[in-house]
Amino acid sequence: MVSVLRLKAGTVIGNDFKLLRLLAKGGMGAVYIAEQLSTGSERALKVMHPHLLDDQKSRDRFTQEARFCARIESEHVVKVIGAGIDAADQIPWIAMELIKGEDLDRFASARGALPVSEVLEVLRQLCHGLGGAHALGIVHRDLKPQNVYIAPSQRADTPFTVKVLDFGISKVALDDGESDTTAAVGSPLWMAPEQARKGRLSAATDIWPLGLMAFRLLTGKHYWRAANGVAVIPVKEVLIELLTKPLDPASTRAAALGGTAPPPGFDAWFARALERAFAMMWAIHASGQPPRGFAVADELDSAT
């Protein structure tokens, strides 16, 4: 089988997608910019490493991204155009809309602390995409600025369009209240405590990184002390903070780090987003809903 990293420009995958150039590569495979021959449009074509085909978990992880994204009813989740296995090379592929713009990490790093109105717009759109996933019981599990794209707006009433990417390690949360334990996956800088502890997952698992991203956008700083002023994130130190250190109010932490002060009312919202003991609270909560499962953007709007 041919390596997906050595596919030549002009190769046609799935009888409809002509590879133009390599866009990105990773452990699961590679992403190419491709021309969809039937429409003439440029697409992002994700192809899987053939040597992973014998690994059931890797195969399931790759194919579930297409299934999950196709089911989510939100314009703020990357659209899947098609998926399949190429007949000639036996390469699994997923064709998606090609997102132009930059990820939220670069967007924020270039500008520092953002105005409250702009942060609210990012969160409103981001939460619409996540809400569509959560309505289907889908937990993203790797929500971080690198998986959120800020694309040019295609509507007159918004300055930009937010797109959530990479549902490759998403998981369907259990609906029957049973404990859903899983391997510790995700990015330590943004993961919730239940991920680091291999504990129960729910929609609340995605709310934790939302809180951290809101803090980053509003203050220009990472919430975790160990993550600021370093070129390489010290994972061990971040995990110690994540699991054991006191969670200071957002305004207190921002002042200590020399960041821009968050708006009045943000501390209470942030405390709800970063609820470390959510699993215990969920067990006794009268409605049976996780305490972090609130209308994130709406409540931040009212808080500020």
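Modeller: Let us begin with a hairpin, in which S2 is joined to S3 through 3 residues. Helices (DSSP runs of H or I with at least four residues) and strands (DSSP runs of E with at least two) are numbered from the N terminus, and two strands pair if DSSP finds at least two bridges between them.

Colleague: Before we go on, what kind of model is this?

Modeller: This is a predicted model, in which local features need pLDDT of at least 70 and side-chain atom pairs count only at pLDDT 80 or more, while totals for chains, interfaces and linings use all residues. Residues are numbered from 1 along each chain as its sequence is written, and side-chain values use heavy atoms, with hydrogens and water left out.

Colleague: How many residues of strand S3 are buried?

Modeller: In strand S3 (residues 29–36), 7 of the 8 residues are buried, so the strand is largely enclosed by the rest of the structure. Buried means under 20% relative accessible area, exposed means over 50%, and partly exposed lies in between, using a 1.4 Å probe and protein chains only.

Colleague: Which strands make up that whole sheet, and in what order?

Modeller: It is an open sheet of 6 strands in the order S1-S2-S3-S4-S6-S5, with antiparallel pairing. Strand S1 (12–13) and S5 stand at the edges with a single partner strand each, so one side of each is left without a neighbour in the sheet.

Colleague: What holds strands of a sheet to each other?

Modeller: In general, strands of a sheet pair through backbone hydrogen bonds, either parallel or antiparallel.

Colleague: How do S5 and S6 pair?

Modeller: Strand S5 (residues 80–85) and strand S6 (residues 92–97) pair in the antiparallel sense over 5 bridges. In S6, Pro92 is the bridge partner of Ile85, and Trp93 is the bridge partner of Gly84. The hairpin of S5 and S6 has 6 residues between the strands, and Gln90 there takes a positive phi near 55°.

Colleague: New topic: what is the strand order S7-S9-S10 about?

Modeller: That is the order of 3 strands that form an open sheet, again with antiparallel pairing. The edge strands are strand S7 (102–103) and strand S10 (160–164), each of which pairs on one side only. Helix H3 (residues 116–135) packs on the sheet, touching S9 and S10, and its direction makes about 45° with that of S10. Contact means heavy atoms within 4.5 Å, and for the angle, axes are lines fitted to C-alpha atoms, for helices over the stretch in contact, with angles running from 0 to 180 degrees between N-to-C directions.

Colleague: And how many bridges are there between S9 and S10?

Modeller: Strand S9 (residues 148–152) and S10 pair over 5 bridges in the antiparallel sense, and Pro152 stands opposite Phe160 in S10.

Colleague: Switching to rings, how many aromatic pairs turn up?

Modeller: A search of the whole structure finds 9 aromatic pairs. The rings of Phe266 and Phe270 have centres 5.7 Å apart and planes at 35°, so this pair is tilted. Rings of Phe, Tyr and Trp (its six-membered ring) pair if their centres lie within 6.5 Å, and planes under 30 degrees apart count as stacked, over 60 as edge-to-face and the rest as tilted.

Colleague: Where do Phe266 and Phe270 lie?

Modeller: Both lie in helix H8 (residues 266–273), 4 residues apart, which is about one turn of the helix, and both Phe266 and Phe270 are buried. Ring pairs also link Trp208, Phe215, Tyr223, Trp224, Phe266, Trp269 and Phe270 into a cluster.

Colleague: Last one: is Pro264 buried or exposed?

Modeller: Pro264 is exposed, with a relative accessible area of 70%, and Pro264 lies in the loop between helix H7 (250–257) and H8.
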